[in-house]
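Biologist: Hi! Could you walk me through this one? I'd like to talk about what holds it together.

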Amino acid sequence: MDITTGNLRDLARVIVEHLHTNGFPAEGGANRQVLALAEECGEFVGAYRRWSGQARRGGTAEEMHAELADVVITAFATAEELGIDLDKVITEKANVVLTRGWREQASPR
């Protein structure tokens, strides 16, 4: 399968199928994926802290990049398990983000 960021929903379907085929039952899949997403977010934060010098040991940009990719992939797999059309809701949310105010202007003194 040719995987690009343009078909993350297809990748998510394949990942979920592999999970089910390899001993992770469909029942409880949504819960498993939500917990996995939280775990991946934590791993990304840890990698960022190491890369940015805010941890006891250092880390590389490549490690941080890989952890962020894990977050995105796991988010799509989580959406697949929950029956969420993530492409659709991302588009809807982006429209909200891009049309709302960004920061209140400071009052002149």
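Modeller: Happy to. Let's begin with Arg13, which counts as partly exposed because its relative accessibility is 31%. Keep in mind that this is a predicted model.

Biologist: Which side chain does Arg13 meet in a salt bridge?

Modeller: That would be Glu80, at 3.9 Å from N to O. Arg13 sits in helix α1 and Glu80 in helix α3, so the pair ties together parts that are 67 residues apart in sequence.

Biologist: And is Glu80 buried or exposed, or something in between?

Modeller: Glu80 counts as partly exposed, at 30% relative accessibility.

Biologist: How many salt bridges does the structure hold?

Modeller: Six. Another one joins the side chains of Arg9 and Asp85, at 3.5 Å from N to O. This pair links distant parts of the chain, with Arg9 in helix α1 and Asp85 in the loop between α3 and α4, 76 residues apart.

Biologist: Which residues are linked in a network with Arg9?

Modeller: Asp85 and Asp87 are linked with Arg9 in a network of salt bridges. Arg9 is partly exposed at 29% relative accessibility, and Asp85 is partly exposed at 28%.

Biologist: What about Glu92, which residue does it form a salt bridge with?

Modeller: Lys88, with the closest N and O atoms 3.9 Å apart. Both residues lie in helix α4, four residues apart, or about one turn of the helix.

Biologist: Switching topic: which residues make up the largest nonpolar core?

Modeller: There are six: Leu8, Leu11, Ala12, Phe76, Ala79 and Leu86. In soluble globular proteins, nonpolar side chains tend to be buried together.

Biologist: What does Leu86 touch, leaving out its sequence neighbours?

Modeller: Not counting residues up to four places away in sequence, Leu86 touches Ala75, Phe76 and Ala79.

Biologist: Now Glu67, in helix α3. What is the nearest side chain of opposite charge?

Modeller: Arg50, which is 5.7 Å away. Glu67 is buried yet has no salt bridge. A salt bridge needs a nitrogen within 4 Å of a carboxyl oxygen.

Biologist: So which residues does Glu67 touch?

Modeller: Glu40, Glu43, Phe44 and Ala47, again not counting residues up to four places away in sequence.

Biologist: Last one: what does UniProt list for residues 35-92?

Modeller: Its unreviewed entry gives "domain: NTP pyrophosphohydrolase MazG-like" for that span. In the model, residues 35-92 are 79% helix and 0% strand, and their end C-alpha atoms lie 25 Å apart.

Methods: Residues are numbered from 1 along each chain as its sequence is written. This is a predicted model: local features need pLDDT of at least 70, side-chain atom pairs count only at pLDDT 80 or more; totals for chains, interfaces and linings use all residues. Side-chain values use heavy atoms; hydrogens and water are left out. A nonpolar core is a set of buried Ala, Val, Leu, Ile, Met, Phe, Trp, Tyr and Cys residues joined through side-chain atoms within 4.5 Å. Buried means under 20% relative accessible area, exposed over 50%, partly exposed in between (1.4 Å probe, protein chains only). Contact means heavy atoms within 4.5 Å. UniProt positions are given in the numbering used here, feature names are shortened, and annotations may be inferred rather than shown by experiment. Helices (H or I, at least four residues) and strands (E, at least two) are DSSP runs, numbered from the N terminus. Lys and Arg count as positive and Asp and Glu as negative; His and the chain ends are not counted.
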